[in-house]
Structure formats: structure tokens, C-alpha cells
Amino acid sequence: MRTRTNRLPRLRLPAGRFGAARRFVALLGRIYGAVARRVGAAMPKGLFARALIIIIAPIVLLQSFIAYTFMERHWQTVTMRLSSAVTADIAALIDIYETFPQDGEASELIRIADQRLGLDVEILRDTELPPPGPKPFFSILDQALSSEIARQVERPFWIDTVGRSDLIEIRIRLDDGIMRVITERSQAYASNSHIFLLWMGGTSLVLMGIAIIFLRNQIRPILRLAEAAESFGKGREIEFRPRGAREVRQAGHAFIEMKRRIERAIDQRTAMLNGVSHDLRTILTRFKLSLALLEPSDDVRDLERDVDEMSRMLEGYLAFARGDSGEQAAPTDLRELLGEISADAERQGHPTRLRVDGDPQVVVRPDAFRRLVFNLVSNAARHGDTIAINANHETRWLVLHVDDDGPGIPEEVRDQVFKPFVRLDEARNQDESGSGLGLSIARDIARSHGGDISLDDSPLGGLRASLRIPA
């Protein structure tokens, strides 16, 4: 017995369609990415401005939609109906004038129009319609009234909705003259509808003003938290109390707790280093005392040099580990500090040029900053003959360059020299008789001030060490 299997034919779609679809989707993705990048670049970067846009943009869009709907549906519809009613009254007057016998001045018709319809009517003899005047750029009344007169009266006409602001003049050609009709604008135009728009715009401005005030009060605690974190990062004493919304206060309490933990860790490290340094200095003092009691000889002098080298290395290690983090920031005269370091370099036989531009008063940790600049100048003096120190404090940032005419450092290894205990066998061998921590200590101090140090080629032919810190 055979079993017959019915196989459905495979659906084959042209491969070109899938390729075109993928290309189309990729094109949409690129367009969306380009638009998103442009919008992101145009958007403000501040939290207050962005939050303000989040509040204002929906209000503006909503008010625009409401205003457009009101203008399109209500204002225009009411104006059309009022214009239609006025035109119907005029058409009725024309029918009465031409159907029923009138006196020469049509006084009875004029009376009825004035008392019953509120229209000032006059029959002008032996005259023509005035030439068409300039049309208003945007006038719902002019458009509505013209279309209604053309539809209901079906006679040549002339209207003036611009000349007198409170009145409208309409002239219609009759068989024996011109009927001039003057009516108040309010009879054919929804003149008080703009009050709704004014109320809507006014209330929106009031609400946005209140929102801006409340939003500024909510943003201020965040800005204070950012200022406190920045000041703490620069080693400055701060007074901060969490305020604002619950989430902002929670972030503020977390910052205070983090600050306490960092300070506690620093205190513990400082106490440990003080103990270690005291014990090691005691042992080195014993070595020096023992060597002083020995008879002078070449071996004793070699041992004394080794002990002195050990002392310098110990001080370098402790300075790097300590980082001078316990010192508080204070106003410092930059010109005086750099002048003293420049004079020290001059006494060591290195011609030094000093230039300070801008405000010489900076807020830094004085001893740590002195050690930073001293390390940079000492590194330049060790490998060059001429030194140039240029400082610029014309903005809120202090930019300091230390140049020398030494052999320099290859570009590919400039980042390595900032690592602790790294010595270069080629080009410059910083801290040849030291611990290899000079630039590491300098960068650590610079970053503790909220800045950094970079290395580049010097105009003097050697190395340029550039310091940039907020001051």
C-alpha cells in the first residue's frame, strides 16, 4: 500500500526585494542617527534648561493645537455665520427696495434698516463702485463677508474692512444706483474671541513662571551637591547639608558618607605611614650614629652615601604614598612661589625664564603645589640647561608650562613616565639617583587639585610639562 504525500511548493521571493528592504531600513537608520545627533548637539547641556524644555514644550504644543482648533472651528465658524446673517439682511433690503415701490430717498427702507437691523443704509445716485482697495494680509472677516455677498446677493460689490476699525462699509450696485451699508464690525465678526486666546496665553505664562520658580528650587540642591563634590575633589573645606527632594537628599547623604569614609581611610593611612616612617627613620639614625663612630675610610664614606640615598628614597616613597592630602587649600601668591623656585634653579646654574600672566592669586594647597612645581622644575634641570616657566591665570583655570632644552622623551613612552618606579634607560632617565617617583607625585598632586599634567615637545627643543588645574 502506497502512501501519497502532498508537498506544498516552496514560496520563493526574489532576493532583490529583501536586499532593497534592508537597504531601505539601513537608510532610515542612518537618517535617524543623523537627525538624533543634530538634535542632541542643538539641545542645551544643562539640567535646568533641559527640564525647562520638558515643561515648556508640551505646553507650547498644546496651546498651539488648541489655538489652531479654536481659530479653525470656533472663530471662523462664528464669523461665517455672523457674516451670513448680515449679508442676508442686506439681501432682504435689496429685495424690498426693488420689489416694493419706494420714495425717492427710500426713507422708509432706511428707517427699517436702522431701527430693526442696526444697519446704516444710504442710496447713492449717479456714482460708481470705488476701485478695489488693498486686501488685508490675514482677515477672516474679509474672506467670509466677500464669499457670502457673492453667494447671496450675486451683484457687483465693494467692501472696506480696513479703513475704520470699528465699522464695515459695503457698497452694492443696484439698477438705479449704489446701496451703501455701514455696520459695526461686531455684527459680522467674532471680535471678542481673541479674549479667549489672551486668557489662554496669559494663564500659560503664569503657569510657566511658577513652574520655572519651582524647578529652579529643585535644581539648586543638585548644583550645590555638584559644587560640594568638586570642592572636596580639590581638597577644599566644604559645608554641605542635603536639601531638596527625597532622591536628591539621599544622594547628598551618600556623598557625605563617602566623604567620611575617604577621610577615615586617609587618616588611617597617614597614621600608618607616620608609624612606618618613625620606625625606619629610627633605624637610619642608628646607622648614621654607628658610621659616625667609626674611623673615616672609603668604605665608611660609601656606607654613608648609601644611608643618605636610603633616606632620600624613604622620603620619596612616603611623599608619594601620603600625597599631602591632609593640607587645606588657601590663597597663594603664584608669582612669589614661582619666583622662589626659579631662583633655586638659577643658583644651581640653570638659566631660568619666568613669566606670569593674569591674576597671580590662586587657591591651591600651598605645600603640595610647591612640591608639584619643584618636581617639574627639578626634572627639567636634571636633563636640560635652560628652563622656561610660563604661567597663565587669565581664566578660571591655571595653565603652567615648564620647558627645557634637554633630549626630551619619545612620544610613545610619555605616559609611562608617570607610573611609579618607572625609569627610562633611553633619552631621559628621571630621578637617576632617586626613586623614580618625581613625575608620579606631580601628577598625583595635580589630579588631587582637579587637574592633570601632560607632556609635549618644547619650543626650546626638549620636553614641555603642561599643568592645568582649576584655581
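**Exercise 1.** Which residues form a nonpolar patch on the surface, and about how much accessible area do they have together?

*Solution.* In this predicted model, the patch consists of Phe 24, Val 25, Leu 27, Leu 28, Ile 31, Val 35 and Val 39, which together have about 630 Å² of accessible area. Taking one of these residues, Val 35 is found in helix H1, which spans residues 15-42. Val 35 has a relative accessible area of 46% and is therefore partly exposed, since that class lies between 20% and 50%.

**Exercise 2.** Describe how helices H10 and H11 pack against each other.

*Solution.* Two packed helices are described by the distance between their axes and the angle between them. For H10 (residues 366-383) and H11 (residues 438-448), the axes come within 9 Å and cross at roughly 145°, and the crossing is left-handed. On the H10 side the contacts include Phe 369, Leu 372 and Leu 376, and these residues belong to the set that meets H11 residues, among them Leu 439, Ile 441 and Ile 445.

**Exercise 3.** Which parts of the chain does the salt bridge between Arg 173 and Glu 128 tie together?

*Solution.* The closest N and O atoms of Arg 173 and Glu 128 are 3.0 Å apart. Arg 173 lies in strand S3, whereas Glu 128 is in the loop between strand S1 and helix H4, so the pair links parts that are 45 residues apart in sequence. As for accessibility, Arg 173 is partly exposed at 30%, while Glu 128 is exposed at 52%. A search of the whole structure finds 21 salt bridges.

Terms used. Residues numbered from 1 in each chain as written. Predicted model: local features only at pLDDT ≥ 70, side-chain atom pairs only at ≥ 80, totals over all residues. Heavy atoms only, no water. Patch = residues over 30% accessible without salt bridge, like charges linked within 9 Å, V, L, I, M, F, W, Y side chains within 5 Å. Areas by Shrake-Rupley, 256 points an atom, 1.4 Å probe, with all protein chains shown as cover. Salt bridge = Lys/Arg side-chain N within 4 Å of Asp/Glu carboxyl O. Helix = DSSP H or I, 4+ residues; strand = E, 2+ residues; numbered from the N terminus. Buried < 20%, exposed > 50% of the residue type's maximum accessible area, 1.4 Å probe, protein only. Axes fitted to C-alpha atoms, helices over the stretch in contact; angles between N-to-C directions. Left-handed = near helix turned anticlockwise from the far one by under 90°. Contact = heavy atoms within 4.5 Å.
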